[in-house]
Amino acid sequence: MSQRITAVAVLRARAGREAEMREQARSMVAASLAEPGCLSYRNYVDPDDPRAWVVVEEWETREAFEAHLASPHLARSLERTAELLDGPPELRVLTAAG
């Protein structure tokens, strides 16, 4: 049985592209929440680095998250985001301790 996971992605916008990056990240929320197994999908701005955008996602199972990673809407978003980012996104996939 697969356990719930939390995925944390940190995206850092290129200088001057912050607003476009945030709009692109926001465009993912509704489609991701509509996916089977998505429990929550939130975006945050790092107050210490306004170019950093943090996405925190909770999924019922690892399999549901893997399906999200293969979704067409994520592929389109990553294609668009590539030109907005100052390097690749950092992704951590976590499970609850204990």
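Buried means under 20% relative accessible area, exposed means over 50%, and partly exposed lies in between (1.4 Å probe, protein chains only). The model on display is predicted, so local features need pLDDT of at least 70 and side-chain atom pairs count only at pLDDT 80 or more, while totals for chains, interfaces and linings use all residues. Residues are numbered from 1 along each chain as its sequence is written, and side-chain values use heavy atoms, with hydrogens and water left out.

**First stop: Arg17**

Please select Arg17, in the loop between E1 and H1; helices (H or I, at least four residues) and strands (E, at least two) are DSSP runs, numbered from the N terminus. Arg17 counts as partly exposed because its relative accessibility is 23%. Apart from neighbours within four places in sequence, Arg17 is in contact (heavy atoms within 4.5 Å) with Arg80, Glu83 and Leu84.

**Second stop: helix H1**

Next, select H1 (18-26). Its buried residues are Met21, Arg22, Gln24 and Ala25. They lie on the same side of H1, because they cover an arc of only 160 degrees around the axis (the arc of the directions from the helix axis to the C-beta atoms). These buried residues pack against E1, H2, E2, E3 and H4.

**Third stop: the nonpolar core**

A nonpolar core is a set of buried Ala, Val, Leu, Ile, Met, Phe, Trp, Tyr and Cys residues joined through side-chain atoms within 4.5 Å. In the largest one, which has 18 residues, select Leu11, Met21, Tyr41, Trp53, Val55, Trp59 and Phe65, the members that touch the most others. Elements giving two or more residues to this core are E1, H1, strand E2 (38-46), E3 and H3. The largest share, four residues, belongs to E1. Now centre the view on Trp53: residues up to four places away in sequence aside, Trp53 touches Ala9, Val10, Leu11, Arg22, Ala25, Arg26, Asn43, Tyr44 and Val45.

In H3, select the buried residues Ala64, Phe65 and His68. They line one face of the helix, because they fall within an arc of 100 degrees when seen down its axis. Their packing partners are E1, H2, E2, E3, H4 and strand E4 (90-95).

Moving to H4, select His73, Leu74, Ser77 and Thr81, which are buried. These residues fall within an arc of 95 degrees seen down the axis of H4, so they too line one face of the helix. Pro72, Arg76 and Glu79, on the other side of H4, are exposed. The cover over the buried residues of H4 includes E1, H1, helix H2 (29-33) and H3.

**Last stop: the largest pocket**

On a 1 Å grid over the protein atoms alone, a pocket is an open set of points where a 1.4 Å probe fits, with protein on both sides within 12 Å along at least five of seven lines; lining residues have an atom within 4 Å of a point. The largest pocket holds about 300 Å³ of space. It is lined by 18 residues, and those closest to its centre are Ala9, Leu11, Glu57, Leu74 and Leu78. Elements giving two or more residues to the lining are strand E1 (5-12), helix H1 (18-26), strand E3 (49-59), helix H3 (62-69) and helix H4 (72-82). H4 gives the largest share, four residues.

How values were computed: Points joined across faces, edges and corners; volume = space filled by probe spheres on them.
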